[in-house]
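This report describes a single protein chain, from its overall make-up to selected residues. The sequence and model are shown first.

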Amino acid sequence: MNKIKNMKKSTRQTLLTLAMIIAFYIVIEVMIMTGNATRHLKSMLVPMCYNAIAAVSLNLVIGFLGELSLGQAAFMSLGAYSSCLFSIRMRRILPAAVRFPLAVLLGGVVAAVFGIVIGVPVLRLSGDYLAIVTLAFGEILRSVFINLDITGGAAGLKKMPQDSSFTYGIIVLIIAVIVISNIIDSKAGRAIMAVRDNTIAASSVGININFYKVLVFVMAAFFGGCAGALFGHNYSIITPGQFDYNKSIEILLMVVFGGMGSVRGSIIARVVITFLPEAMRGFADYRMLVYAVALILLMLFGNNPKINRFKAKLFNRRNRDDNVRLTQAQKEVK
């Protein structure tokens, strides 16, 4: 118990996030084993995982670097197509237990390579200009996939082994959370947030701005590619239309909804966005209307200064109470 209290706050937050993910996995697995999970619930588990991974990685760019990127769907498409082509070629050579992890890793590496190629020139831009260029990159890439025979053209890529599972999705999500959380809590993470807060000041103290921007962009691209690999192996066919700008906007919505700069928030947002429409299925024709209004209200209240001040006071009060109890306990021990 004392070891936990002596840990850094960021480490405790990361462990809490991982504990929540593992607890959620155990609950779902128990529901599946006891027959309480419906077929529809099972079908939503893998999409929830790869969307959460995409949101967490995009949060690294938007929340911690402070740049607006709308190209996450493009990196997902690169990961999906490259990993699926690998799996199709290796289907009769490698067993699924070896083939699929290699396919996920390959999808991430291919997306990261394109992240370097695109990131070096593009990250000299910022704000709306960066968003427009990354969005254009995604649309260009989609057009390329439509016109390539090797990717199946507009009809899509078929005959992929459906190796994705909820367990694989949780494993990749846990790895993503650990890696990104450690980056944020490292010297590089502090440099990244310094660039976000004040570029000129960061440059004046010797921080290589372009290097850290590209580092974040490549890391987001890598995990975006891993998410795409999970996506591709979850379906019997993938088409370029599944990775249009609407997919990038959906991922951006998760980041904003969960809170920019919050890894845990992105995951919770994905879970809520996944299950909220189904929880409102009883509203029939008004389900999507209520869903949209709920999202708008949550985003408005989440960014409301008064509510944020109230939450800050609440958590500060809890921290003070914890400190008082800790002091009293130390006195009793003495």
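Does Tyr212 count as buried or exposed? At 16% relative accessibility, Tyr212 counts as buried, where buried means under 20% relative accessible area, exposed over 50% and partly exposed in between, with a 1.4 Å probe and protein chains only.

## Basis of the model

The model is predicted: local features need pLDDT of at least 70 and side-chain atom pairs count only at pLDDT 80 or more, whereas totals for chains, interfaces and linings use all residues. Residues are numbered from 1 along each chain as its sequence is written, and side-chain values use heavy atoms, with hydrogens and water left out.

## Overall make-up

The chain holds 14 helices and two strands; helices (H or I, at least four residues) and strands (E, at least two) are DSSP runs, numbered from the N terminus. Of the 334 residues in the chain, 42% are buried. Among contacts (heavy atoms within 4.5 Å) with a separation of 6 or more, 79% join residues 24 or more positions apart.

## Nonpolar core

A nonpolar core is a set of buried Ala, Val, Leu, Ile, Met, Phe, Trp, Tyr and Cys residues joined through side-chain atoms within 4.5 Å. The largest such core has 85 residues, and Ile53, Met76 and Ile238 have the most contacts inside it. Helix α3 (residues 39-65) gives the most to this core, with 18 residues.

Leaving aside residues up to four places away in sequence, Ile238 touches Ala80, Tyr81, Cys84, Gly156, Leu157, Met160, Phe231 and Gly232.

## Aromatic pairs

The structure holds 12 aromatic pairs. Rings of Phe, Tyr and Trp (its six-membered ring) pair if their centres lie within 6.5 Å; planes under 30 degrees apart count as stacked, over 60 as edge-to-face and the rest as tilted. Phe211 and Tyr212 form an edge-to-face pair, at 5.1 Å centre to centre and 75 degrees between the planes. In this pair Tyr212 is buried, whereas Phe211 is partly exposed at 48% relative accessibility.

Ring pairs also link Tyr50, Tyr81, Phe145, Phe231, Tyr235 and Phe243 into a cluster.

## Second largest pocket

A pocket is an open set of points on a 1 Å grid over the protein atoms alone, where a 1.4 Å probe fits, with protein on both sides within 12 Å along at least five of seven lines; lining residues have an atom within 4 Å of a point. The second largest pocket contains about 210 Å³ of space, the volume being the space filled by probe spheres set on the points, which are joined across faces, edges and corners.

Two or more lining residues come from each of α5 (96-122), α7 (166-184) and α10 (209-232), and α7 gives the most, with five residues. The lining includes Phe100, Tyr168, Ile175, Phe222 and Cys226. It divides into 12 nonpolar, no polar and no charged residues; Ala, Val, Leu, Ile, Met, Phe, Trp, Tyr, Cys and Pro count as nonpolar, Asp, Glu, Lys and Arg as charged, and the others, Gly among them, as polar.

## Selected residues

Val110 lies in helix α5 and is partly exposed, with a relative accessible area of 21%. Val110 and Cys226 are 116 residues apart in sequence and 9.6 Å apart in space, C-alpha to C-alpha. Leu18, in helix α2 (residues 9-33), is buried at 13% relative accessibility.

Lys159 lies in the loop between β1 (157-158) and α7. Although Lys159 is not a glycine, its phi is positive, at about 65 degrees. Lys159 is exposed, with a relative accessible area of 68%.
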